[in-house]
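User: Got a model open here. Can you walk me through it?

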Amino acid sequence: MDCITQEKGDILSVRFPNYFRTCNFSCPYCIADLHSIDHEWKYEENYHKIIQHLVSLPFSLNVRLGPAGEFFLSKSLIKGAECLSHSKNVISVNLLTNLSFSPAQYDKFFERVNKSKIAIVASFHPTEVKDRKTWMKTACYMQEEFDFSVVLVAYPPLIKKLPVIKEALNNLGIEVAIQGLIGKYNEREYPFAYTSEEKMLLRKICYSRHDYEFWIEAKKPGLCNAGYKSIFVDIATGNVLSCGMGNAFELGNLFSGNGIKLNDGPRPCMNKTCLCDTENLNVVTFEQHYRKTGLNFHKYEYKFAEKAKEFPLLDEWEISY
Ligand code: SF4
Ligand code: SF4
């Protein structure tokens, strides 16, 4: 048998980008294509239709909404998160923000949302944040209210500043992930162009060996759970794919009414890299070595950390990964 149909009780990760390409920042390394295309958001109707389909699926879902632009600039996007957060089959909803609003504004955004299911990942963009103190205060508010983490981008001109920013956030109890740059800087293609000096620095501050291998070293993925424990929903068509990274399997269409068919197990990845931050958590190597600590998809721990205290060769950075 090649595929399995929906089975109650399975936990499925869903990545559902919205392609809402409006943002109040202009980061030099942005890959959301904010300025070169038509800004009108074409998918509002599809967005709500797909959410209605997701809440009726017979799976328990961990949903990641977005990102393209800034999620909290759209009331409609927030409404979708609200609907998911009140649905019985939804375990978690991960949202990404540049944290440019005040705590009072975020309170208002979350007025009708079931906050116990929400995890927030904030991206800190040093070139755009003018008032760092205020940003840090908002980060503390988020840390108190949600399962919260921060991501920083390893943009070459900023790399040397990252350890200080990370330390400041860690001192507030906030976990930080360092994401590789995807795209060009000075005519060089990243993450492939990091120098060995940059890699040495990044190795020290990456959240995990996994992040370092996939985001900085652009590791070739092996067996992957995409399509088996995880799906990607195309907002334009309602198509359900194993992942959003190309060379994916079609698993059904949410608008067709015929449900979706999942793969019956992990399959080898057909791509050379998997640079997307949530997609690469689908690889089997990840689940063999790490476990999530809560709702936030950027927070997880190395399974063998305790044992490594006794056997140093079991350390995350010593093993073959
Ligand atoms: S905050 Fe995100 S979406 Fe907005 S410009 Fe920066 S990287 Fe792009
Ligand atoms: S490793 Fe990444 S690109 Fe490959 S199948 Fe899995 S999610 Fe898709």
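User: What are the ground rules?

Analyst: This is a predicted model: local features need pLDDT of at least 70, side-chain atom pairs count only at pLDDT 80 or more, and totals for chains, interfaces and linings use all residues. Residues are numbered from 1 along each chain as its sequence is written, chains are lettered from A and ligands numbered from 1 in the order written, and side-chain values use heavy atoms, with hydrogens and water left out.

User: Where does ligand 1 sit?

Analyst: In the largest pocket. A pocket is an open set of points on a 1 Å grid over the protein atoms alone, with protein on both sides within 12 Å along at least five of seven lines; a cavity is a set where a 1.4 Å probe fits but cannot get out; lining residues have an atom within 4 Å of a point. "Sits in" means more than half of the molecule's atoms lie within 2 Å of the grid points.

User: Which residues surround ligand 1?

Analyst: Cys-23, Phe-25, Cys-27, Cys-30, Leu-34, Ala-68, Gly-69, Asn-98 and His-125. The cut-off is a heavy atom within 4 Å. That shell has six nonpolar residues, three polar and no charged. Ala, Val, Leu, Ile, Met, Phe, Trp, Tyr, Cys and Pro count as nonpolar, Asp, Glu, Lys and Arg as charged, and the others, Gly among them, as polar.

User: And ligand 2, pocket or cavity?

Analyst: Ligand 2 is in the largest cavity. Residues around ligand 2 include Cys-224, Cys-243, Cys-269, Cys-274 and Glu-279. The shell around ligand 2 splits into eight nonpolar, two polar and one charged.

User: Switching to rings. How many aromatic pairs?

Analyst: The whole structure has 25. Rings of Phe, Tyr and Trp (its six-membered ring) pair if their centres lie within 6.5 Å; planes under 30 degrees apart are stacked, over 60 edge-to-face, the rest tilted.

User: Why does the pair Phe-72 and Phe-109 count as stacked?

Analyst: Because the planes are at 20°, with the centres 5.4 Å apart. Phe-72 is in the loop between strand S3 (60–65) and helix H2 (75–85), and Phe-109 is in helix H3 (residues 103–109), 37 residues apart. Helices (H or I, at least four residues) and strands (E, at least two) are DSSP runs, numbered from the N terminus.

User: Is Phe-72 buried or exposed?

Analyst: Buried, at 4% relative accessible area. Buried means under 20%, exposed over 50%, partly exposed in between (1.4 Å probe, protein chains only). Phe-72 also belongs to a cluster linked by ring pairs, with Phe-71, Phe-101, Tyr-106, Phe-109, Phe-110 and Phe-146.

User: What about Tyr-290 and Tyr-321?

Analyst: Their centres are 6.0 Å apart and the planes are at 75°, so that pair is edge-to-face. Both tyrosines, Tyr-290 and Tyr-321, are buried.

User: Which charges sit over rings?

Analyst: Lys-49 has its charged end over Phe-255, 4.6 Å from the ring centre. Arg-203 does likewise over Tyr-212, at 5.8 Å. The test is NZ of Lys or CZ of Arg within 6 Å of the centre and within 35 degrees of the ring normal.

User: Backbone now. Where is the cis peptide bond?

Analyst: Between Tyr-190 and Pro-191, with omega about 10°. Pro-191 is in the loop between strand S9 (188–190) and helix H6 (196–205).

User: What about phi of Tyr-19 and Asn-186?

Analyst: Tyr-19 has a positive phi of about 55°, and Tyr-19 is partly exposed at 29%. For Asn-186, phi is near 50°. Asn-186 is exposed, at 58%.
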